[in-house]
Amino acid sequence: MQQSGVAFGTSGARGLVTAMTDAVCFAYTVGYLKHLARLGEFSPGTDVAMAGDLRPSTPHVLHACAAAITHMGGHPVFCGFVPTPALCLYAFGRGIPSLMVTGSHIPADRNGIKFNRAHGEFLKPDEAAMREEDVDLPEGMFDASGALVTPPALPAVTDVVPGFVARYRDFFGPHALSGLKLGIYQHSAVGRDVLVRIVAALGAQAVPLGRMETFIPVDTEAVRPEDAALPREWAADGGLDAILTTDGDSDRPLLADRAGDWLRGDVLGILAARFLGATAVTTPVSSNTALELAGFARDVRRTRIGSPFVVAAMTEAVQAGSLPSVGYEANGGFLLASDVTLDGRTLSALPTRDSVLPMLCALVAARKAGMDLAELVRTLPPRFTLSDRLVEMPTARSRARIARMSENPAQGAAELGLTRACGALAGVDETDGLRMTFDGGEVIHLRPSGNAPELRVYVEADSPERADALLRAGISAVGAWRGQA
């Protein structure tokens, strides 16, 4: 791990494609299966499900993973190029391990492997234990560059999509979206055609838009300017009720109203949790505080950023008897820790990020209330969050600068000009990075990305205009760090 530069981030192992050689991916997968063997979740003869996204490097990683599964005596079950939650629904339902080859929303020069246990996500203790496994590379299997000498053929595809589509049709009903005309921004998302099938199965008219044959990194938290402009152009004639899309592996959503304005993922999470009648809601510290102000959830838990942390805390809520228990992230990914029953229909737990469920919840909730999406959002307390990233910022430098600032946050905020912009510093939360709350309730949160050399900046204010001003001030302030040691 140290030699390759491929390491665990917030969700799985990630690294440059050039570093993710067949030998490295093979070693990671063997270590993963050896860890599961110690837990009693893998032994020779066990099926291991796997799937991938549409970035160019994904097939070679899949071949290396399949070689490792076979080497360990397992049976690779290839589910094709499908959304991460579709893979997980299939694997969790069968109680078998699974892995997803994906770099999610990061650029195509990087990729990753997301590992799952038999009934849920790989958590941080699993990553730590997996690091301790000893792995020997079989002699003669790889050439000097780390490439497989004889890559194995992938098994025939096991189609998991029908079960994934049925999950939503059976819960919401085949007429839940009847009469709606929904744009589907397809770009290079692996679930682009599956999403069309799902909304059609619920009665909507689906309009595919913006399909790309080259991979583009759509980030549902830090939306690119071109991805902000496109839905407004498509919505300009007023013919669409909403526009839906996802990130690369289709576990994080973006939903735009009829004007083409994207809803923030943490706002979408609140709408979905409220619609499902959640008693316990778990979300990272960076998410919108309108959740607490909305008042519908009796048990609110805040965590570090990353689905493993959300999964752990929302599972604790289930054990404490707080049901239904759900979780969501600021990127929009929504997780079910327990079954949910609504109008006599039950949706089974799926404790991994799901992009489809929150978008459907918001659309159905708006329809039942006789509102459009923008009106539905206005029923929440007026708190507005934005985020962006300072790219090409080495993670080690970000951590060092934030650690230094944490020694005296008030002085650090003043030196960056943040107190001049926001007033006196009122409080600091170091759950994940440095989250500063100022006297007027405004928030600026600095955090190194766990997936790429980027510094994330999150802000929260009482109006969209003020949030935009804070974000520009925050990005400008930390921009000077790029040239500092």
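## The largest pocket

On a 1 Å grid over the protein atoms alone, a pocket is an open set of points with protein on both sides within 12 Å along at least five of seven lines, and a lining residue has an atom within 4 Å of a point. Grid points are joined across faces, edges and corners, and a volume is the space filled by probe spheres set on the points. The model is predicted: local features need pLDDT of at least 70 and side-chain atom pairs count only at pLDDT 80 or more, while totals for chains, interfaces and linings use all residues. Residues are numbered from 1 along each chain as its sequence is written, and side-chain values use heavy atoms, with hydrogens and water left out.

The largest pocket has a volume of about 1,100 Å³. It is lined by 35 residues, and those closest to its centre are Trp 262, Leu 263, Arg 264, Thr 385 and Leu 386. Helices (H or I, at least four residues) and strands (E, at least two) are DSSP runs, numbered from the N terminus. At least two lining residues come from each of α7 (225-235), α8, α12 (373-377), β18 (384-390) and α16 (464-479). The largest share, six residues, is supplied by β18. By class, the lining has 19 nonpolar, five polar and 11 charged residues; here Ala, Val, Leu, Ile, Met, Phe, Trp, Tyr, Cys and Pro count as nonpolar, Asp, Glu, Lys and Arg as charged, and the others, Gly among them, as polar.

## Helix α8

A residue is buried under 20% relative accessible area, exposed over 50%, and partly exposed in between (1.4 Å probe, protein chains only). Among the buried residues are Gly 265, Asp 266 and Phe 275. Gly 277 follows α8 and has a positive phi, near 70 degrees.

## Salt bridges

A salt bridge is a side-chain nitrogen of Lys or Arg within 4 Å of a carboxyl oxygen of Asp or Glu. By this rule the count is 35. In one of them, Arg 302 pairs with Glu 292, with the closest N and O atoms 2.8 Å apart. Arg 302 is in strand β12 (residues 299-303) and Glu 292 in helix α9 (residues 290-294), so the pair ties together parts 10 residues apart in sequence. Arg 302 counts as partly exposed at 28% relative accessibility, and Glu 292 counts as partly exposed at 37%.

Glu 460 and Arg 383 also form a salt bridge (2.8 Å, N to O). Glu 460 lies in strand β22 (residues 455-461) and Arg 383 in the loop between α12 and β18, so this pair ties together parts 77 residues apart in sequence. Glu 460 counts as buried at 1% relative accessibility, and Arg 383 counts as buried at 12%. A salt bridge network links Asp 247, Asp 251, Arg 252, Glu 329 and Arg 353.

Two strands pair if DSSP finds at least two bridges between them. Five strands form an open sheet with mixed pairing, in the order β12-β11-β13-β14-β17. β12 and β17 (350-354) stand at the edges with a single partner strand each, so one side of each has no neighbour in the sheet.

Strands β13 (residues 325-328) and β14 (residues 334-336) run antiparallel and are joined by three bridges. Val 326 has Leu 336 in β14 as its bridge partner.

Note on methods: On a 1 Å grid over the protein atoms alone, a cavity is a set of points where a 1.4 Å probe fits but cannot get out, and a pocket is an open set with protein on both sides within 12 Å along at least five of seven lines; lining residues have an atom within 4 Å of a point.
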